[in-house]
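Trainee: Please take a close look at one part of this model for me. I would like to know how the place where the two chains meet is built.

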Amino acid sequence: MKIVTSKKVLTISILLSLLLILVILVSVTLGSVKVPPLRSIRILFLSLLGLKGAGSETERTIILSLRLPRAILAGLVGAGLSVSGATFQALLRNPLADPYILGVSSGAAVGAVIAILLGLGTFSFGLPLASFLGALVTILVVFYFGREDGKIHPNTLLLAGVITGSFLSALIMFFISVSRREELHTIIFWLMGDFSLSNARAILIIFPYILLGVSLLYLRSRQLNLILSGEENAVRLGVDVEKLKLLSYLLASLITAASVSACGLIGFVGLIIPHSVRLIFGPDHRLLIPSAALLGASFLIASDTLARTLLAPVELPVGVITAALGGPFFIYLLRTRKAIRTL
Amino acid sequence: MIEVNSISFRYHEDWVLRDVSFRVEKGEFVGVIGPNGSGKTTLLKILYRLLAPQHGEILFELVPMKKMDRADIAKRIAVVAQETHLLFPFTVLETVLMGRSPYLGNLMFESEKDVEIARKAMEWTSIFPLSERPMDELSGGERQRVFIARALAQEPEVILLDEPTANLDIHHQIDFLDLILALNRERGLTLVMASHDMNMASEFCDRLILLQKGRIYKTGPPGEVITKENIESVYGCEVWIDQHPISGMPRISLMKKGGIKR
């Protein structure tokens, strides 16, 4: 009988991890400076063992200090946004929900814009730290207004999030209107999502949040299945719903905050990856969460690789690629959904 | 088995249930009837502690329900209601397996024993052939059977039913009620069903509770509860009551205003 078992989850996770490794390998060999694929791979593996044998100093720097951290960052963000999107869709029982629906992203954006205007700009911890703080403050505000008598009412929380988001968007517009031309370019790129501004050290900030957030959500994945058919339904099956909601909303919000603080507002990933995975593997979160994390990571690394190579040496914001690539692919999946289901 | 001791409940200002007391004995099939807004659904929600009453208490096998945790309650009381959320549809088997949830605790995956229990529940409700089908491809009657199977997978002592036949045609209504009656008679499951359909309740239930504006108006066997005086006083409309020609249970016929003289 076809059900989600630990064996199935493990098998699919291993396959998707192999895909992810492949995507990372391809990603580090591509770029404006050509490093032959085999040599890049040798550089990667030897340095993993702590050896320096392969490639020139420049090639090693390009691969180990530039392309690899950027791929890791894109992978973390892709995984984070996908899992957070899947969680919000389940909690709000709304297929249109995405990681930004509670306004966390707007808070991050305000933080980032202020950092850019203050000249904390690109080459320090300043930008990711400021946007992460902005996101955290927004989470506190939204949860303060979104709870009534100690309980989370999804609609109230959603409204609180949307309203807070609109207010913060107004702030962003204000900052944009008073910014100078050179700052404007940075702000716009950040708002469209862009890894070229990101700092390798941002990995250190966001890694613990995303790893911990995704793992803790995974431990709740069986309960998320039950809440998908309504909160009362979950109660009837023995779930402490208020605890589940508070924990999951907070974790998903923190994951979003960490993700956007690294690279700005990358759209579409958190919407399209969970839906694609559902169409392929079904709605069970025990399989959905790990698959969405791994596929989301691969997808965003691939998108970012395209963003920096397509018009090289000019870099596109990665958000342009995710939407341009993701949209048609998703439509294709929707059309072939019935065929996929009978697999 | 269940002892309800003078509970009162309100959502906001107005009391929805006022000083309600009754007992449900093991193996009984109790029907809860009453007009819209009389508190039927609220009462069921209190019985599985989705809502906590402001006054009074409920004892389940002599244990106060407020001392039981959610999983404990779900192991003993299953609920079948109208469910419409099918956003990302699971298959029939996946849905029935969710009934094992209260037993899994922190475990992430069902064991072979859980799958076996789900399989038996699906066979009992004749939905085993549908087990791989997504829920959104089923008819209303099939769906209600799936929810009965899920309730059985919970291995409960009591099943609460909230208007379980409201969207079914008469054929599927009878199928469904025969199925739950068999659960009651053959497996000794205790049933509490809220229903608008008084003829069905009269035909199938051992005992009825008639609610009016949050108070119990009358409780007893169908023959004592469904009388012309009781029904007309609670519902405020004229009815004609005679006996079902075969079962001999009370039967209600509706009338136009002044229809009796036509």
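Mentor: Contact here means heavy atoms within 4.5 Å. This is a predicted model, where local features need pLDDT of at least 70 and side-chain atom pairs count only at pLDDT 80 or more, while totals for chains, interfaces and linings use all residues. Residues are numbered from 1 along each chain as its sequence is written, chains are lettered from A and ligands numbered from 1 in the order in which they are written, and side-chain values use heavy atoms, with hydrogens and water left out.

Start with A:Ile206. Beyond its neighbours within four places in sequence, A:Ile206 contacts A:Leu73, A:Leu76, A:Val77, A:Ala258, A:Ser261 and A:Ala262.

Now the interface. Chain A gives 35 residues to the contact, and chain B gives 35 residues. The buried area is about 3100 Å², with 64% from carbon and sulfur atoms. Buried area is the accessible area (1.4 Å probe) that two parts lose on being put together, summed over both.

Between chain A and chain B there are 2 salt bridges. A salt bridge puts a side-chain nitrogen of Lys or Arg within 4 Å of a carboxyl oxygen of Asp or Glu. A:Arg286 and B:Glu110 form a salt bridge through their side chains, at 3.1 Å from N to O. On the side of chain A that touches chain B, 13 residues are nonpolar, 11 polar and 11 charged. Nonpolar covers Ala, Val, Leu, Ile, Met, Phe, Trp, Tyr, Cys and Pro; charged covers Asp, Glu, Lys and Arg; the others, Gly among them, are polar.
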